[in-house]
Each structure stands twice: as structure tokens, then as C-alpha cells.
Amino acid sequence: MRGNSKRAWVKLHINGMLNGSVRYQLEPEERATWIDLLCFAGLGTEPGVISDNDLRAYPHSFLANRFNIPVELLESTLKKCIKEGRIKEDSTGIHISNWSDYQSEYLRQKKYRQKDKEISK
């Protein structure tokens, strides 16, 4: 597993996935790629950023290989996601917009997990 991440899940909004803009803006293969991007963004040391441990962007060919998809599919998904404001991409990686929306329960419960650790010491 990459980085020191303790996140083991991302939150998908059922209504948003079934009835929201993702449904009509992205083709089925692109929606699956979007979900892969969300999952991969949860692995790194920087929350919501798809990058290596030194905060450098992965090549698109590497990500496409990891997702087991053609590079063209990844690039069409990224292009649409940038246009719709779902992501930003720069030299440090792919940044998921509104990352906290996909992690709200994780973040909300973080203070309780830290408190439990302090008590058990």
C-alpha cells in the first residue's frame, strides 16, 4: 500500500451517482474510471491527491496501466472531469475537488480515534 494512509474507503453518494451530473456527463467506462480515481486518491500521503510519495504526478500511462484501461479512456475522463470541476491536474498530481465530501465520515470520526489512542496509552 502506498503512503501512510489509513483510509480504506471513499464515500459515494448514491443519489449523486444514480441521478446526478456524473450519470449524464460521463460514459459508463468513464464513470468506472472516475471511481478508480477516487479510490486511488485515497491511497496517498496527501489526501485527495493522486501522486507519488514525493508529490509528483504519475504519468497517464502508469495510471491507465494500474486501472487496466486504455490511456485514451483515462485522458477522456480526465478532460471531462477537469471541464466539470471534479479535478485539477498539475505537476504535483491529480487533485480531487471537494475531497472532504468523499471522506466526511472519516474526518468527522478522526478526533474520536485520536482520543481513543491517547486513552489506551
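Asp52 counts as buried, because its relative accessibility is 17% and the limit for a buried residue is under 20%. The model in which this residue is described is a predicted one. Asp52 lies in the loop that joins strand 1 (49-50) to helix 4. Its side chain reaches the backbone nitrogen of Arg56 at 2.9 Å.

With a relative accessible area of 13%, Arg86 is buried. The table places the two residues side by side.

| Residue | Loop | Relative accessible area |
|---|---|---|
| Asp52 | between strand 1 (49-50) and helix 4 | 17% |

What is Arg86 in contact with, leaving aside its neighbours within four places in sequence? Its partners are Ser21, Val22, Gln25, Leu26, Trp34, Cys81, His95, Ile96 and Ser97. Between Arg86 and Trp99 there are 9.5 Å in space, C-alpha to C-alpha, and the two residues are 13 residues apart in sequence.

Arg86 also belongs to the lining of the largest pocket, together with His13, Gly16, Met17, Gly20, Ser21, Val22, Trp34 and Tyr102. Helix 1 (14-19) and helix 2 (21-25) are the elements that give two or more residues to this lining. The volume of the largest pocket is about 150 Å³. By type, its lining residues comprise four nonpolar, four polar and one charged.

The largest nonpolar core has 24 residues, of which Trp34, Leu37, Ile50, Leu63, Leu74 and Ile96 touch the most other members. Two or more core residues come from each of helix 3 (28-41), helix 4 (60-67), helix 5 (71-83) and strand 3 (93-96). Helix 3 makes the greatest contribution, with five residues.

The description may now be widened to the protein chain. Six helices and three strands are present, and from the N terminus on their order is α-α-α-β-α-α-β-β-α. The protein chain has 121 residues, and 36% of them count as buried. Of the contacts with a separation of 6 or more, 66% are between residues 24 or more positions apart.

Key. Residues numbered from 1 in each chain as written. Predicted model: local features only at pLDDT ≥ 70, side-chain atom pairs only at ≥ 80, totals over all residues. Heavy atoms only, no water. Core = buried A, V, L, I, M, F, W, Y, C linked by side-chain atoms within 4.5 Å. Buried < 20%, exposed > 50% of the residue type's maximum accessible area, 1.4 Å probe, protein only. Helix = DSSP H or I, 4+ residues; strand = E, 2+ residues; numbered from the N terminus. Polar contact = N/O pair within 3.5 Å; in protein donor to acceptor, adjacent residues only side chain to side chain. 1 Å grid on protein atoms, 1.4 Å probe; cavity = no way out; pocket = protein on both sides within 12 Å on 5 of 7 lines; lining within 4 Å. Points joined across faces, edges and corners; volume = space filled by probe spheres on them. Nonpolar A, V, L, I, M, F, W, Y, C, P; charged D, E, K, R; others polar. Contact = heavy atoms within 4.5 Å.
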